[in-house]
Amino acid sequence: MVGKGGIAVKLKKEQQEYMTERVKEWFELERGEVIGDLAADQWVQQMAEEMGPFFYNKGVEDARQMVEQKVMNVDEDLRSLERPAGRPKRR
């Protein structure tokens, strides 16, 4: 699948099949509609293309915040290792 902006959405066969089955199940349970594999697969592809980038960007943002926090922690740890240098000032 290729999303808007030319970003390919690569899913493993098992992932695609799982999502297709969940969509078919949802349509039947929630809407009382029975849809086939092709319709469910197309629905999954459409949602991945249209909404996938929002979830992807959220994941990138979460990862960025986590890395930023880790860097701040490392900075604090490194600063705690600093030792006073030079002679004390005379009064």
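Where in α2 does the kink lie, and shortly before which proline? Good morning. The kink lies at M51, shortly before P53, and amounts to about 55 degrees. The bend at a residue is taken here as the angle between axes fitted to the seven residues ending there and the seven starting there.

A word on the basis of these values. This is a predicted model, in which local features need pLDDT of at least 70 and side-chain atom pairs count only at pLDDT 80 or more, while totals for chains, interfaces and linings use all residues. Residues are numbered from 1 along each chain as its sequence is written, and side-chain values use heavy atoms, with hydrogens and water left out. Helices are DSSP runs of H or I with at least four residues, numbered from the N terminus.

Let me turn to the span of α2. This helix covers residues 37-80, and its 44 residues should span 64 Å at 1.5 Å a residue; the end C-alpha atoms are 59 Å apart, which agrees. The expected span is 1.5 Å times one less than the number of residues.

Next, the packing. Two packed helices are described by the angle between their axes and the distance between the axes. For α1 and α2 the angle is about 110 degrees and the axes are 8 Å apart. The axes are lines fitted to C-alpha atoms over the stretch in contact, and angles run from 0 to 180 degrees between N-to-C directions. The two helices, α1 and α2, are therefore roughly perpendicular, a term that covers 65 to 115 degrees. On the α1 side, the contact is made by Q16, M19, T20, E21, V23, K24 and F27; α2 supplies D37, A40, D41, W43, V44 and Q45. Contact means heavy atoms within 4.5 Å.

Which residues of α2 are buried? Among them are A40, V44 and A48, where buried means under 20% relative accessible area with a 1.4 Å probe, protein chains only. The buried residues of α2 pack against α1, residues 13-31. An α-helix has 3.6 residues a turn, so residues three or four places apart point the same way.

A40 has a relative accessible area of 0% and is buried. Beyond its neighbours within four places in sequence, A40 is in contact with T20, V23, K24 and I35. A40 and V23 are 17 residues apart in sequence, with their C-alpha atoms 5.9 Å apart.

F27, in helix α1, is buried as well, at 10% relative accessible area. Leaving aside neighbours within four places in sequence, F27 is in contact with G32, E33, I35 and W43. From F27 to G59, 32 residues apart in sequence, the C-alpha distance is 27 Å.

Notes. Buried < 20%, exposed > 50% of the residue type's maximum accessible area, 1.4 Å probe, protein only. Parallel < 35°, antiparallel > 145°, perpendicular 65-115°, else oblique.
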